[in-house]
Each structure stands twice: as C-alpha cells, then as structure tokens.
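Reader: Hi, I have a model open and some quick things to ask. Can we go through them one by one?

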Amino acid sequence: MIIGTAGHIDHGKTSLVRALTGVETDRLPEEKRRGISIELGYAYLHPPGGPSLGFVDVPGHERLLHTMLAGATGIAHALLIVAADDGVMPQTREHLAVVALLGVTQGSVAITKIDRLDPATRATRLAEVQAEVRALLAPTALAQAPMFPVSAITGEGVEALRQHLLACAAACGSASPHDSARAFRMPADRVFTLTGVGTVVTGSVTSGVAPVGAELCIAPHGTGARLRGVHAQNQPASEARTGQRCALALAGVAKEDVHRGDWVCAPSIALATTRIDVQCQLWPDEPKALRSGTPVHVHLGTSDVTGSIVLLDSDTLRRAPPHWPSSCCTAPWPHGMATGACCAMPRPRARWPVCACSTPSRRSATAKPPNALHSLPRRHSLTAPRAWQPCWRMRRWA
Ligand SMILES: Nc1nc2c(ncn2[C@@H]2O[C@H](COP(=O)(O)OP(=O)(O)OP(=O)(O)O)[C@@H](O)[C@H]2O)c(=O)[nH]1
Ligand SMILES: [Mg+2]
C-alpha cells in the first residue's frame, strides 16, 4: 500500500515517516540547511511476513504544492498530519482538498507533536484539535478516518499508528482500488542513471502489470523502451504492478528522453492529446465561481501543463452544494471522447480551485471563448489514458 503524507509545513510529516520507517526522506543539502522538505521523499517498511508499506513524503510549503500534487498521485492511503500545537492550518486544508479531489477514500490522521502540549491542558487541547480536524474532514470521504495522537520525538503513539497502517495494507490487499487488468501506465516522478543499469524511471503504477522484458513507450514523445529490470517497493521484482511504487530500468532510452510528467505506458495507449473532457467540480471552500475561458494549470499524474477551460453547459461553474455532485462539461477530443474526474483547489487567491475541459499547452494558455473550440491550438502535451483516473486538478494560471 502506498501512503502519502499531507499537511502544513513543519507539522512533522518527515519526522513521522522517519519514526515509522527509520528512513530519512529529506536528503538534499538544501533540505537539511533550510530544515524543510523540498522534493518528494520515499520510504518503505517491509515487516516480515506482512504487506509492505511505501511512503511518499510531500513538502508542506505552500509554494511547493505542484510537488505535493505529483507525490499524491497514485497513493492509496492519505496520512493527514496536523500538529497538536498549531491545529488546522492553510496547507492542512489545501492538502486535504488535493487528496479528496484525487479520489483518495482511505486515510488516517496523525496529531503530531503531542509532547509539546502542557500536561495540565493536554487532554483538552487534544480534544479541541481532534474536533477541528473532524469538522474539516466531515464533507469528504475521509470523514471517518481514525486519529492517532503521536510524538515523533518520544515515539508515543507511533507503534499504534504503524500497526493500524499495516492492518489497512493487509485489508486493502486484494480489494485494491487500482485495476491490474488495464493497460500498464506509470507517471514518471524521477529519472536517473545507475552504473551498469542505465536509465531508471520511478513512479507509482496507476494501472496494469508490466513484466521484465515488456515493450513500453514513453509518452507523450512516443519513444520506445524495453523493461530490463524492476524494483517494486524498493525490492527486486519480476514485474511492475498496479498500486506499487516502482523503479523501472529501461533499455533503449536515455535519461534526457524522460522527464517528470511523462508516462511510461503500454504502446497501445500512448496517445497524446491537447483536449480532454472532464467532469468539473468546484471545491466547497472556494468562494468564487469559475468562468469559461479561465487559463489554468492542469495536473495529470505528475505532469503540470497550462490550458484553458471551456465550460459547455454554462458560462460559469459555481461552488457545488454539500456533497458536491459534479458539474459536467464536454469538449471535442482529437481521437475520440474521454471523460475525467477532476480536482479543484481552494486558496490561495492566485489559484483557482477548478476543474474543466482544457487545451493544455506549455506555450499557449490564452483564454479562449467557449464557442471557439474548433480554433483551439492542437499540441501534443498530455497523454490520454483510455479511462481517466480521478487525478485532475486545475488552478488559475498566475
Ligand atoms: N517536539 C516535537 N517536534 C517535532 C515532532 N515532529 C516534528 N518535530 C519537529 O518539527 C520540525 C519540523 O518537522 P518536519 O518533520 O521537518 O516537518 P514537515 O511537516 O516534514 O515539514 P515540511 O516537509 O517542510 O512541510 C522539526 O524541527 C522536527 O524536529 C514531534 O512529534 N515533537
Ligand atoms: Mg518534510
């Protein structure tokens, strides 16, 4: 099971992953110097005889939300982290919105830094924070997520959380939300070379199975590659499978040919598109409506491209009522029609929590009138999965 951390800066995400796994995920010199996470961190727990846990540790800094989004793609379980002294903060809300809109329905909450609470008022403060978090979770699929008061410094509560996560992993095993039967698809989050191995691409497999020796494709560029080796959950494996974090050793492709945001996928689905259909949903916290033609960032998997929204059933998408039934929109798609669930983001003001159909393009993000679909630019900048995953988030292009 892949677990993704979420939560405000400095609330103890990295410390808790270290306490749970013994792995330090902040490795960059700049991370150590500044005392904050900048890049995605990865850690694994392999209990003897039990299911493995893979952790993706995300940065909490508000300006690194795009990195957080790349990390949150493909997680099965969200570990929301809230410091007992601070309580709910802006990126607690923002990260929760991301995981909720990505369709993550399994999660737990860690109330961290409980060693900092005054013993005299500890119970009251804990109850306060728990009530605050429960209210925040109430409209989401994580409403019933269990809460664990923990301290990464003293270790209090860490074992209970670890056992809970292992139990969740054991329970989700065969009932994985991911679909192994579909074509292989993995968004790339890191690319590097290893002596004697060659180009290695890492990511969370979102669908399908690829055995060693499989012919794959790097989309959207269309470069062919052969899978010469796999590490799944940090251990040698004979195949890469849905729901696993994998490192794929690829023959026939140079490091420079693959970037974060590309997809390693079965050749049969390596289609690129500049237009997509999505179901739109405005996050309930968002006070402003979304107008057709708004330039946005489109996040799909680990990619982030700019695009324009064209609402087809109205000119304006308004905040959804409680439980947010989705608004819908459709748009032409060069190779047929695709449908997607999409994510939205609240706050800060420079970003729009929106979803819609889009014409992603790195260079052209000009707003287009809704009646000008036929004139929208056609550039290959997104890979079009055969069946969309709920992995869209769009924000106003600042
Ligand atoms: N007393 C106490 N300090 C903690 C605890 N957890 C984390 N800290 C401290 O809080 C600071 C931030 O911890 P991190 O784990 O880096 O926080 P983070 O959420 O990963 O921060 P970003 O990744 O930058 O968002 C560090 O100085 C930690 O030592 C805890 O349980 N108790
Ligand atoms: Mg961190």
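Reader: Start with α4. What should its 12 residues span at 1.5 Å a residue, and how far apart are the end C-alpha atoms?
Author: This is a predicted model, so keep that in mind. The 12 residues of α4 should span 16 Å. The end C-alpha atoms are 17 Å apart, which agrees.

Reader: Is α4 mostly enclosed or open to the outside?
Author: It is largely enclosed by the rest of the structure, because 10 of the 12 residues of α4 are buried. Among them are Q91, H95, L96 and V99.

Reader: What about the residue just after α4?
Author: That is G103. It takes a positive phi of about 90 degrees.

Reader: Now the sheet. How many strands, and in what order?
Author: Six strands, in the order β2-β3-β1-β4-β5-β6. The sheet is open and the pairing is mixed.

Reader: Which strands are at the edges?
Author: β2 (41–45) and β6 (147–149). Each has a single partner strand, so one side of each is left without a neighbour in the sheet.

Reader: How much are neighbouring strands turned against each other?
Author: By 25 degrees on average, ignoring direction.

Reader: Which strands of the sheet does α4 touch?
Author: α4 (residues 90–101) packs on the sheet and touches β1 (2–7), β4 and β5. Its direction makes about 145 degrees with that of β1.

Reader: Do β4 and β5 run parallel or antiparallel?
Author: β4 (residues 77–83) and β5 (residues 107–112) run parallel, joined by six bridges. One bridge pairs L80 with V109 in β5.

Reader: New topic. Which residues come nearest to ligand 1?
Author: G12, T14, I36, S37 and G60, out of the 20 residues around ligand 1. The shell holds five nonpolar, 10 polar and five charged residues.

Reader: Which element gives the largest share of that shell?
Author: Helix α1 (residues 13–21), with three residues.

Reader: Is K113 buried or exposed?
Author: K113 is buried, as 23 other C-beta atoms lie within 10 Å, and the cut-off for buried is 20 or more.

Reader: And which peptide bond is cis?
Author: The one from A219 to P220, with omega near 10 degrees. P220 is in the loop between β11 (215–219) and β12 (223–232).

Conventions. Residues are numbered from 1 along each chain as its sequence is written. Chains are lettered from A and ligands numbered from 1 in the order in which they are written. This is a predicted model: local features need pLDDT of at least 70, side-chain atom pairs count only at pLDDT 80 or more; totals for chains, interfaces and linings use all residues. A residue is near a molecule or strand if its C-beta atom, placed from the backbone, lies within 6 Å of it. Helices (H or I, at least four residues) and strands (E, at least two) are DSSP runs, numbered from the N terminus. Ala, Val, Leu, Ile, Met, Phe, Trp, Tyr, Cys and Pro count as nonpolar, Asp, Glu, Lys and Arg as charged, and the others, Gly among them, as polar. Two strands pair if DSSP finds at least two bridges between them. Axes are lines fitted to C-alpha atoms, for helices over the stretch in contact, and angles run from 0 to 180 degrees between N-to-C directions. Two residues are in contact if their C-beta atoms, placed from the backbone, lie within 7 Å. The expected span of a helix is 1.5 Å times one less than its number of residues.
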